[in-house]
Amino acid sequence: MSPTVSLQRASLRYGDILGLSPTTFELPEGGGITGLLGPNGAGKSTLIQLLSGLLPPSGGEVRIFGEAPFRNPQVLSRLGFVPEGDRFPTGLRGIPWLRMMGELSGLRGSGLQGAMERALSVVGMELNGRKPFSEMSKGMRQRMRLAQALLHNPEFLLLDEPFNGMDPEARLLLMDMLRSLATAGRRILVSSHILGEVAQLTDRILLLFRGRLLAEGSVAEIRELLDRHPVELRIGAESAQAVARWAVEHDELVALRMEEAGAVLAVRNPRSFLPKLQAAVLAGELPLLSLDPLDLNLDAVFQFLTKDHA
Amino acid sequence: MPIYAPSLPPRPVLDQGLPPALVIARFDIRRVLSQRMGRFFGFMFVVSLLIQLTMLYVKYLLNTNAALSGIKDFANQVLTQGPEFHASILTMSGWLTSLLWFQVALVGGGLVARDSLYRIRPLMYAHPVRPIDYLAAKGLFAAGLPFVILLPFVFLPWGISLLIAGLSGPVSLWAPLYLLPAALIIALIMGAVTLGASSLAASPRAGFGWVLGISLGSSAIGGLLSGLLHQPIWMAISPQALVGAWPDLLCRVADPKLNWLPTVIGTFAHLVLWTFVAARRTRPSEAVL
């Protein structure tokens, strides 16, 4: 079986700036979701621009369904794209916009009407699709964007930061939709800079950092990598000395910094350390007042991984 | 909100739908028609056309009604005659073309700029839409709009003149042969400038400013150079002057403001320059930045 997506040392330059270093990976044929994870400026959008046929690679090869996607109608007609951003022209209504996008995909007449009705029903927008975009919530607008990507029944869906700014309910709803589309046989690539978001959605992750594909694998494999990253925890306590005494007895401790109202602990493998901390608090060994993770954000993790790979 | 199991229609067969350029142009036309701005300009152009037709009828009365013979000489001095009159059908002494410039700036200024602002082009190019399709759609709209507006100004005075006075009417039987190409060239110049200016702008408002800036700014520079160097050909750098020159030349006005050579060169230069700018600025690589 040929893969849906295949990159062979594909790179992209914007003039002198390297947007994406030579990157190689494959997405298999058939349904499934892959998360494209990386902090802002990591090259996620650049990679998506290559995959959506907006730009040709500066080097290497990009293949979707076995063909180069750049200005290739045969590939573009099998691909659905939800770009980043949430702005629509003032006064624009959902249905005329959706109709135009359907016509650009080659649909017309009753076929277009049927496709619009079904796409709107898939995203749960049958009732609200006629509204102007300005009267829709952010979640509704995102669902309309997904509807336009589904109109022509694509086999491969590309979503660039689809969860940005969405409230938790709309986020869960969109995740459910994507899961059901993947179950129905669509290959989906979702970019995000939030690990938790992607982890909820997918079994497979591509990690990008500074234009490089840093890691590729399952969520569990990536988590293992992350566990090696020392996480800083600020522990507020009545006695900083008591916290320090307790912490030095544990192997996970990498560094310790005393503060006026507690201590900052740098620990490896927080998934094994945190249950021990919890047990100590419950047993009354630690006079804990507060717990504040300082650098659990993705940027810190990426910094760590980059150093690790250097 | 219920989630339905995905059930979508079969994928469309390529090349079965409308050409993408027509789809995008039609979308832009519908958007303009649904706006109040379109109604305002519609009203203004209808009033202009009515004034034009009234003037035509006055001319007809002056030539046929003996009761008006007393003021005929005076009226003939005030009203344009012969080729000048025919040329003025499209320009109305600059009023109509100025209104048209204002309209294309306001409507067309956002033509490409709106898509840049709302990042619509990356989405369009992710469909089977080539940059040439996009450019053709926008060009079709930008040039088509002034051309369609000018069509009644070409045909209505001509038709009414034929209707009320036959071949001896104020408008020549052959007038559309001169006025139609003039209207087409005017539309092409306005369309090209609008398209280029809008593609340079980051928002529709800025696009409006760019169109007016280019048309008024180049007129000011052209006027300055013409005055300083005592050579009227410098006015050919102004699209406004070119728009006024073509009806004069095609209707064979005795003393046109610009001669053929500078008008042809100026028009060609503007068409090439602004189409080139628009083509560069609407490439997919620009759309993603």
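A polar contact is a pair of N or O atoms within 3.5 Å; within protein, one must be able to donate a hydrogen and the other to accept it. With that in mind, here are some close-up views of a predicted model.

**Figure 1. Polar contact between chain B and chain A.** Welcome to the interface. Between chain B and chain A the count is one residue pair in polar contact, with both residues at pLDDT 80 or more. On the side of chain B that touches chain A, two or more residues each come from α1 (20-33), α6 (110-117), α7 (121-125) and α13 (284-287) of chain B. The largest share of that side, five residues, belongs to α1(B). Sorted by class, the side of chain B that touches chain A has 30 nonpolar, five polar and three charged residues.

**Figure 2. The salt bridge between Arg26(B) and Glu103(A).** Here we look at one pair of side chains. The rule finds one salt bridge across the interface of chain B and chain A. Arg26(B) and Glu103(A) form a salt bridge in which the closest N and O atoms are 2.4 Å apart.

**Figure 3. The contact between chain B and chain A as a whole.** Stepping back, 38 residues of chain B are in contact with 50 residues of chain A. Together the two chains bury about 4200 Å² between them, and carbon and sulfur atoms account for 69% of that area.

**Figure 4. The largest cavity.** The structure holds three cavities of 30 Å³ or more, and the largest cavity contains about 110 Å³ of space. It is lined by 15 residues, of which Pro89(A), Phe27(B), Asp28(B), Asp115(B) and Ile120(B) are the closest to its centre. At least two lining residues each are supplied by α3 (94-104) of chain A and by α1 and α6 of chain B. The lining of the largest cavity is made up of nine nonpolar residues, one polar residue and five charged residues.

**Figure 5. The second largest cavity.** Our last stop is the second largest cavity, which holds about 50 Å³ of space. By class, the residues lining the second largest cavity divide into six nonpolar, one polar and one charged.

Key
Residues numbered from 1 in each chain as written. Chains lettered and ligands numbered in written order. Predicted model: local features only at pLDDT ≥ 70, side-chain atom pairs only at ≥ 80, totals over all residues. Heavy atoms only, no water. Contact = heavy atoms within 4.5 Å. Buried area = accessible area lost by both parts, 1.4 Å probe. Salt bridge = Lys/Arg side-chain N within 4 Å of Asp/Glu carboxyl O. Polar contact = N/O pair within 3.5 Å; in protein donor to acceptor, adjacent residues only side chain to side chain. Helix = DSSP H or I, 4+ residues; strand = E, 2+ residues; numbered from the N terminus. Nonpolar A, V, L, I, M, F, W, Y, C, P; charged D, E, K, R; others polar. 1 Å grid on protein atoms, 1.4 Å probe; cavity = no way out; pocket = protein on both sides within 12 Å on 5 of 7 lines; lining within 4 Å. Points joined across faces, edges and corners; volume = space filled by probe spheres on them.
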